[in-house]
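Morning, everyone. Please look at the sequence and the model on the screen. I'll start with a term we need.

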Amino acid sequence: MMKRFFSGIVALMVGVLMVSCGDDADTVEKDMEKPVISDDKDSYPENCQVYERGDVVPLRCKFTDNMELGNYNIEIHNNFDHHSHGTVAGDCVLEEKKKPVNPWVYNKSFDIPAGQRAFEAKVDIPIPTDIDAGDYHFMVRLTDRSGWQELKAISIKVK
C-alpha cells in the first residue's frame with residue numbers, strides 16, 4: 001500500500017513538473033522574414049561597373065534583419081554564356097559568348113558578430129591579373145540566424 005502511495009506521489013510530481021516546464025514554442029517569436037541587402041546609392045559594386053585586372057572590387061553594403069543576422073557569402077563567377085540569376089537590376093552590354101580558359105572564381109563566406117540586426121560589410125576583393133577578361137556575376141548571399149536568405153546578383157565586367 002505504501003509503495004502505491006509513493007508511486008502516486010511521484011506520478012503527480014512528474015505531471016506537475018511537465019505542465020510547469022511545458023513547451024514555450026507558442027510564446028517564442030518565430031523569424032518569418034528574410035534579411036535585407038541594401039540597395040542604396042552607397043552600395044558597391046554597381047551593376048555594369050567595369051574593372052581592370054589587378055584592380056580591387058570593393059564591397060560596401062548594409063545588411064539588416066528583423067531579429068538577427070548570421071553570415072554572408074560573396075561569389076564571383078564568369079557570365080561568358082550569358083546566364084541570369086534574376087536579381088540583376090538593368091541590362092548590361094555583354095560581350096559575345098565564349099568558352100572560359102582561365103575564368104575568375106571567387107567564393108568566400110564571412111561571419112557577422114552574434115546579436116547584430118544591422119551590419120556594414122566592407123570587403124576589398126583583388127582581381128587576379130591572369131584571369132580571362134569578360135563578363136562576370138558578382139553575387140552576395142545574406143543569411144540570418146534562422147536560415148532565411150536573400151540574394152543580390154549584379155553584372156560586372158573585367159577588362
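A cavity, on a 1 Å grid over the protein atoms alone, is a set of points where a 1.4 Å probe fits but cannot get out. Lining residues have an atom within 4 Å of a point.

Now the source. This is a predicted model: local features need pLDDT of at least 70, side-chain atom pairs count only at pLDDT 80 or more, and totals for chains, interfaces and linings use all residues. Residues are numbered from 1 along each chain as its sequence is written, and side-chain values use heavy atoms, with hydrogens and water left out.

So, what lines the largest cavity? The lining is Ser43, Tyr44, Pro45, Leu59, Cys61, Phe138, Val140, Lys152 and Ile154. The space inside is about 70 Å³; a volume is the space filled by probe spheres set on the points, and points are joined across faces, edges and corners. At least two lining residues come from each of β3, β7 (134-144) and β8 (149-158). Strands here are DSSP runs of E, at least two residues, numbered from the N terminus.

Next, the sheet. Five strands form an open sheet in the order β2-β8-β7-β4-β5, with mixed pairing. Two strands pair if DSSP finds at least two bridges between them. β2 (49-51) and β5 (106-111) are at the edges with a single partner strand each, so one side of each has no neighbour in the sheet. Further in, β7 and β8 pair in the antiparallel sense over 10 bridges. Gly134 stands opposite Val158 in β8.

How values were computed
On a 1 Å grid over the protein atoms alone, a cavity is a set of points where a 1.4 Å probe fits but cannot get out, and a pocket is an open set with protein on both sides within 12 Å along at least five of seven lines; lining residues have an atom within 4 Å of a point. Helices (H or I, at least four residues) and strands (E, at least two) are DSSP runs, numbered from the N terminus.
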